[in-house]
Amino acid sequence: MATYTITELAREFDITPRAIRFYEDQGLLSPTREGPGGRNRVYTTRERTHLKLTLRGKRLGLSLSDIKSLVDMYRSPKDTEVQLQSFLVVLARHRAALEQQREDIEIMLAEISAHEEKSRSLLGQLDHAEK
């Protein structure tokens, strides 16, 4: 079975070892320990997948608790109805939040456009007054 060091995973996913340790502290990763005093973290292919899921959830804007639910779902038997229903609820909640953000952004962009148009109009009036 393939194993990875924290440095290898950090390099592969373009994140810092500190970020990986943070995810470990949050219970998202559980590497085994080797070497004197267990100083060296060893990540399995499964832990690599957990990291990949974590980073995907982060890119989607999910909270750490939602990401943890996703990773926990991956750890337990797959495709159970309760897990999938729960995940759909998380996705629906996140979709609603993103749609609200998009609506807010569209309103702000419209306000900015209106201010730009008004400012251009005022500049045009100033140019005519000076001539």
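User: What makes the handedness of the crossing of α1 and α3 left or right?

Analyst: In this predicted model, the crossing of α1 and α3 is right-handed, a term used if the near helix is turned clockwise from the far one by less than a right angle. The axes of helix α1 (residues 6–13) and α3 cross at roughly 35° and come within 12 Å.

User: Which residues make that contact between α1 and α3, and what is its make-up by class?

Analyst: Contact means heavy atoms within 4.5 Å, and the residues that make it are Leu-9, Glu-12 and Phe-13 of α1 together with Arg-48, Leu-51, Lys-52 and Leu-55 of α3. By class, the contact of α1 with α3 has four nonpolar and three charged residues, with no polar ones.

User: Why is α3 called roughly antiparallel to α4?

Analyst: The axes of helix α3 (residues 45–60) and helix α4 (residues 64–75) cross at roughly 150° and come within 9 Å. Angles over 145 degrees count as roughly antiparallel, and therefore α3 is described as roughly antiparallel to α4. The crossing of α3 and α4 is right-handed.

User: Which residues of α3 and α4 make the contact?

Analyst: On the side of α3 the contact is made by Arg-46, Glu-47, Thr-49, His-50, Leu-53, Thr-54, Gly-57 and Lys-58, while α4 contributes Ile-67, Leu-70, Val-71, Tyr-74 and Arg-75. By class, this contact of α3 with α4 has five nonpolar, four polar and four charged residues.

User: How do you know that β1 pairs with β3, and that β2 pairs with β3?

Analyst: Two strands pair if there are at least two bridges between them. Strand β1 (residues 3–4) is joined to strand β3 (residues 40–44) by two bridges, and these strands run antiparallel; Thr-3 stands opposite Thr-44 in β3, and Tyr-4 has Tyr-43 as its bridge partner in that strand. Strand β2 (residues 32–34) and β3 pair over three bridges, also in the antiparallel sense, with Arg-33 opposite Arg-41 in β3. Both pairs therefore meet the requirement of at least two bridges.

User: What lies between β2 and β3 in their hairpin?

Analyst: There are five residues between β2 and β3 in the hairpin, and Gly-35 in the turn has a positive phi of about 85°.

User: Why are β1 and β2 said to stand at the edges?

Analyst: The three strands form an open sheet in the order β1-β3-β2, with antiparallel pairing. β1 and β2 each have a single partner strand, so one side of each is left without a neighbour in the sheet. Helix α3 packs on the sheet and touches β1 and β3, its direction making about 85° with that of β3.

User: Where does UniProt place the HTH merR-type domain and the coiled-coil region?

Analyst: The unreviewed UniProt entry places the feature "domain: HTH merR-type" at residues 3–73, and over those residues the model is 61% helix and 14% strand, with the end C-alpha atoms 22 Å apart. The annotation "coiled-coil region", likewise from an unreviewed UniProt entry, covers residues 91–118; that span is 100% helix and 0% strand, and its end C-alpha atoms lie 40 Å apart.

Notes:
Residues numbered from 1 in each chain as written. Predicted model: local features only at pLDDT ≥ 70, side-chain atom pairs only at ≥ 80, totals over all residues. Heavy atoms only, no water. UniProt positions renumbered as here; feature names shortened; annotations may be inferred. Helix = DSSP H or I, 4+ residues; strand = E, 2+ residues; numbered from the N terminus. Axes fitted to C-alpha atoms, helices over the stretch in contact; angles between N-to-C directions. Parallel < 35°, antiparallel > 145°, perpendicular 65-115°, else oblique. Nonpolar A, V, L, I, M, F, W, Y, C, P; charged D, E, K, R; others polar.
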